[in-house]
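Welcome! Take a moment to look over the sequence and the 3D view, and then we will walk through a few features together.

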Amino acid sequence: MGSGALPDLAMLLGLACAGAALGRLLRLPMWPVTGSILGAATAPLIGAGGAAPPGWWAVAGQLLVGCGVGSMVGRDFFASVRRVVVPGSVVALVIVAVGVAAGAALAAGGVLGPAPALLGSIPGGVGEMVSAAAGLGADSGLVAGMHLIRLVVVLSALPLLLRWARRRYGRSG
């Protein structure tokens with residue numbers, strides 16, 4: 001790390017934390033993620049554009065998420081998964097097909113290059129899609145922005161969709 005790397009990294013982390021706090025106050029959907037992304041994205045605006053967290057941060061974050069999700073698995077997990085394997089696979093394939101079609105349309109229309117169009121349109125984790133974009137030499141910031149927009153739209157619509165589903169089907173679970 002260069003001499004300016006630690007102050008820039010501290011500023012980046014501070015901006016991410018401030019963004020998350022503001023996201024919580026504004027009731028942003030998934031505020032820890034959306035807020036911290038928006039907060040860290042302000043770094044280039046204030047002259048800290050060269051700041052980037054070390055690569056092991058992404059691995060540590062993924063380990064923490066995996067640990068949190070894995071700790072929620074109960075005894076009936078595998079029975080539940082067995083019951084939804086077929087419908088879940090069908091839904092996933094349909095969503096991927098729609099994403100591929102949208103990405104192909106964006107690329108064919110000249111709106112985006114093929115790699116960012118596809119990587120930004122198909123479903124997947126933000127980190128994984130951005131990593132794939134970086135590995136392919138595509139604009140990873142653009143792909144991250146597209147997935148951030150997707151997350152905000154989906155998570156903002158979720159409460160409305162759940163209310164509709166509960167009224168329509170009369171179930172809470």
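## Where two helices meet

Which residues in α5 meet which residues in α7? On the α5 side they are P116, A117, L119, G120 and S121, and their partners in α7 are L142, V143, M146 and H147. By class, this contact has six nonpolar residues, three polar ones and no charged ones. Keep in mind that this is a predicted model.

## How the helices are arranged

Two packed helices are described by the angle between their axes and the distance between the axes. Helix α5 covers residues 114-121 and helix α7 covers residues 140-169. They pack at an angle of about 30°, and their axes are 8 Å apart. Angles under 35 degrees count as roughly parallel, so α5 and α7 are roughly parallel to each other. Their crossing is right-handed.

## Aromatic pairs

How many aromatic pairs does the structure hold? There are three. In one of them, the ring centres of W56 and W57 lie 6.1 Å apart with the planes at 80°. An angle over 60 degrees counts as edge-to-face, so the pair of W56 and W57 is edge-to-face. W56 is exposed, with a relative accessible area of 57%, while W57 is partly exposed at 31%.

W164 and Y169 form an aromatic pair too, and it is edge-to-face, with 6.1 Å from centre to centre and 85° between the planes. Are these residues buried or partly exposed? W164 is partly exposed at 45% relative accessibility, and Y169 is partly exposed with a relative accessible area of 48%.

Terms used. Residues numbered from 1 in each chain as written. Predicted model: local features only at pLDDT ≥ 70, side-chain atom pairs only at ≥ 80, totals over all residues. Heavy atoms only, no water. Phe/Tyr/Trp six-rings, centres within 6.5 Å; stacked < 30°, edge-to-face > 60°. Buried < 20%, exposed > 50% of the residue type's maximum accessible area, 1.4 Å probe, protein only. Axes fitted to C-alpha atoms, helices over the stretch in contact; angles between N-to-C directions. Helix = DSSP H or I, 4+ residues; strand = E, 2+ residues; numbered from the N terminus. Parallel < 35°, antiparallel > 145°, perpendicular 65-115°, else oblique. Left-handed = near helix turned anticlockwise from the far one by under 90°. Contact = heavy atoms within 4.5 Å. Nonpolar A, V, L, I, M, F, W, Y, C, P; charged D, E, K, R; others polar.
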